[in-house]
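Student: I have a chain open and would like to go through it with you. Can we take the overall picture, then the details?

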Amino acid sequence: MNLIGTKWKPLVLFHLLDGSLRSGILQKHVPGISNKMFTQTVRDLEKDGLISREVYPVVPPKVEYSLTKRGQSLEGILRSLDQWGVSDCQDS
């Protein structure tokens with residue numbers, strides 16, 4: 001729970017389940033997250049070995065995030081949380 005137990009980490013991880021995303025696109029998939037919080041979240045996830053960050057030497061700089069094998073191992077948990085959230089909303 002320490003690795004994914006914040007408001008934003010599961011959302012970032014969930015959006016990377018289908019493949020790598022550029023930094024700006026990933027941030028747009030997480031509405032309401034500030035630039036500062038996005039940066040802190042991806043840094044924490046990278047430090048914990050759940051995502052990898054690849055910087056391409058182009059102008060303007062291109063940064064892509066993807067799940068590591070350890071991050072991919074959370075797929076079942078993340079999809080279950082998503083399904084639980086969807087069913088919970090339908091029951092209300």
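Student: What kind of model is it, and how are residues numbered?
Tutor: This is a predicted model, in which local features need pLDDT of at least 70 and side-chain atom pairs count only at pLDDT 80 or more, while totals for chains, interfaces and linings use all residues. Residues are numbered from 1 along each chain as its sequence is written, and side-chain values use heavy atoms, with hydrogens and water left out.

Student: How many helices and strands?
Tutor: The protein chain has five helices and three strands. Here helices (H or I, at least four residues) and strands (E, at least two) are DSSP runs, numbered from the N terminus. Along the sequence the pattern reads α-β-α-α-β-β-α-α.

Student: Why call the chain as compact as a globular protein of that length?
Tutor: Because its radius of gyration is 14 Å, close to the 12 Å that the globule rule gives for 92 residues. The radius is taken over C-alpha atoms, and the rule is 2.2 Å times the number of residues to the power 0.38. Along the principal axes, the C-alpha atoms fill a box of roughly 50 × 25 × 20 Å.

Student: What share of the residues is buried?
Tutor: Buried residues are 32% of the 92. Buried means under 20% relative accessible area, exposed over 50%, and partly exposed in between (1.4 Å probe, protein chains only).

Student: OK, the core. Which residues touch the most other members?
Tutor: In the largest nonpolar core, which has 20 residues, they are Val-12, Leu-13, Leu-16, Leu-26, Val-42, Ile-51 and Tyr-65. α1 (9-15), α3 (35-47) and β3 (62-67) each supply at least two residues of this core. A nonpolar core is a set of buried Ala, Val, Leu, Ile, Met, Phe, Trp, Tyr and Cys residues joined through side-chain atoms within 4.5 Å.

Student: And what does Tyr-65 touch?
Tutor: Not counting residues up to four places away in sequence, Tyr-65 touches Leu-16, Ser-20, Leu-21, Ser-23, Leu-26, Phe-38, Val-42, Ile-51, Ser-52 and Arg-53. Contact means heavy atoms within 4.5 Å.

Student: Is Leu-78 buried or exposed?
Tutor: Leu-78 is buried, at a relative accessible area of 3%. Leu-78 belongs to helix α5, and beyond its neighbours within four places in sequence it contacts Pro-10, Leu-13, Phe-14 and Leu-17. From Leu-78 to Leu-13 it is 65 residues in sequence, but 7.8 Å in space, C-alpha to C-alpha.

Student: Which peptide bond is cis?
Tutor: The one from Val-59 to Pro-60, with omega near -5°. Pro-60 lies in the loop between β2 (51-56) and β3.

Student: New topic. How many salt bridges?
Tutor: There are four. The term means a side-chain nitrogen of Lys or Arg within 4 Å of a carboxyl oxygen of Asp or Glu. One of them joins Arg-79 to Asp-18, with the closest N and O atoms 3.5 Å apart. That pair links distant parts of the chain, 61 residues apart: Arg-79 is in helix α5 and Asp-18 in the loop between α1 and β1 (21-22).

Student: What else does Arg-79 pair with?
Tutor: Arg-79 also meets Glu-75 in a salt bridge (2.9 Å, N to O). Arg-79 and Glu-75 are four residues apart in helix α5, so about one helical turn separates them.

Student: Last one: which residues make the nonpolar surface patch?
Tutor: Ile-77, Leu-81 and Trp-84 make a patch of about 330 Å². Ile-77 is in helix α5 (residues 75-91) and is partly exposed, with a relative accessible area of 44%. Patches are made of residues with over 30% relative accessible area and no salt bridge, where like charges are joined within 9 Å and nonpolar side chains (Val, Leu, Ile, Met, Phe, Trp, Tyr) within 5 Å. Accessible areas come from the Shrake-Rupley method with a 1.4 Å probe, and for residues only the protein chains shown count as cover.
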